[in-house]
Amino acid sequence: MKIRLLITGATGFTGSHLIPALLKNPHYELIVVKRKDSDVSVIKNVSKKLRVYNIDPSYDLIYSIMKKEKPDIVIHLAAAYPRIETKKDIEIMLNSNIVFGTKLLNAMALNNVKRFLNTGSSLEYFNGPPVYNPATFYSTTKRAFQDIVEYYVRTYNFKVVTLLPYNTYGPNDKRNNFFSLLKNSLLEQTKLELTPGEQFIDLLFIEDLVNVYLKTTQYLLREKNIEHEKFFIGSGKAVKLKEIVNMYNKISRKNIPVVFGAIPYRRREIMFAQANIKEAIKKLKWKPKVSLYEGIRRTLKQDKIIK
């Protein structure tokens, strides 16, 4: 009998890379829950192999979907991460990151679905773990949802793993982030104004991130004594932002017109980030394999920026 996996956020950056990888396992049956207006082009090539449901704005359809499908595991990737915090953005984050997730958990409990693979954020730790100290409002919503998860763990004996990724990158990335700025500036040869660039960040290639989700899915299916375990996910290496720009220039063989120090650091800018991945290596039997140089080279090649 096949193992049913219900996935939210399948059309996002992580989901669009994870779905094809999951489909390689003939024992998995995939159910996707998405917003009606989601960009499905990223999973178009594999959509015939999926059962796809559109969720309503109030998220109430998740109850009938869960009752019908009764998945073995729910993989929760869906999240909203606006870069600013207007009234509208706050409402979007609260609804997407807390309300939807809570109804998802409630629907699971009502249908005796126990295994949950959750996605948190390293931004919950401004000064690094273990002390909770949110760097962004987004990270407060991710942490608040984990508190709700704890209720379901203790009340309904859910088995949960929360992955807390650091920065990720890779090909076909439509997010508005540092790498998209580099890419646009490179292609258009427009001036790119950045901070002084002295911050150190941990960058994980998407292939390595996908592999940890695959390993964690197996872990949830295999282990019997899980309550709520959390793992920090990254390369385990901190690299200065200036060095990343230099590496990007070297690999692309072009010179991006960067102006360091043109803009100030953001409020609560994290100046040093490095994932402690020892527990993930030990328990999930996972470790990152793609170096930053190789990851950038592959990204530029698959995005057809270099040959």
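Student: Which way do β1 and β4 run, and how many bridges join them?
Tutor: In this predicted model, β1 and strand β4, residues 73-76, run parallel and are joined by four bridges.

Student: And what's the bridge partner of Ile 7 in β4?
Tutor: Ile 7 has Ile 75 as its bridge partner in β4.

Student: OK, how many bridges join β1 to β2?
Tutor: Six bridges join β1, which covers residues 3-8, to β2, which covers residues 28-35, and these two strands run parallel; among the pairs, Arg 4 has Glu 29 as its bridge partner in β2.

Student: Switching to the helices, at what angle do α1 and α6 pack?
Tutor: Helix α1, residues 13-23, packs with helix α6, residues 206-222, at an angle of about 60°, and their axes lie 9 Å apart.

Student: So are they oblique or roughly perpendicular?
Tutor: They are oblique to each other, because roughly perpendicular would take an angle of 65 to 115 degrees. The crossing of α1 past α6 is right-handed.

Student: Which residues meet there?
Tutor: From α1 the contact takes in Phe 13, Thr 14, His 17, Leu 18, Ala 21 and Leu 22, and these meet Ile 206, Leu 209, Val 210, Tyr 213 and Leu 214 of α6.

Student: How many of those are nonpolar, polar or charged?
Tutor: The contact of α1 with α6 has nine nonpolar residues and two polar ones, with no charged residues.

Conventions. Residues are numbered from 1 along each chain as its sequence is written. This is a predicted model: local features need pLDDT of at least 70, side-chain atom pairs count only at pLDDT 80 or more; totals for chains, interfaces and linings use all residues. Side-chain values use heavy atoms; hydrogens and water are left out. Axes are lines fitted to C-alpha atoms, for helices over the stretch in contact, and angles run from 0 to 180 degrees between N-to-C directions. Angles under 35 degrees count as roughly parallel, over 145 as roughly antiparallel, 65 to 115 as roughly perpendicular and the rest as oblique. A crossing is left-handed if the near helix is turned anticlockwise from the far one by less than a right angle, and right-handed if clockwise. Contact means heavy atoms within 4.5 Å. Ala, Val, Leu, Ile, Met, Phe, Trp, Tyr, Cys and Pro count as nonpolar, Asp, Glu, Lys and Arg as charged, and the others, Gly among them, as polar. Two strands pair if DSSP finds at least two bridges between them.
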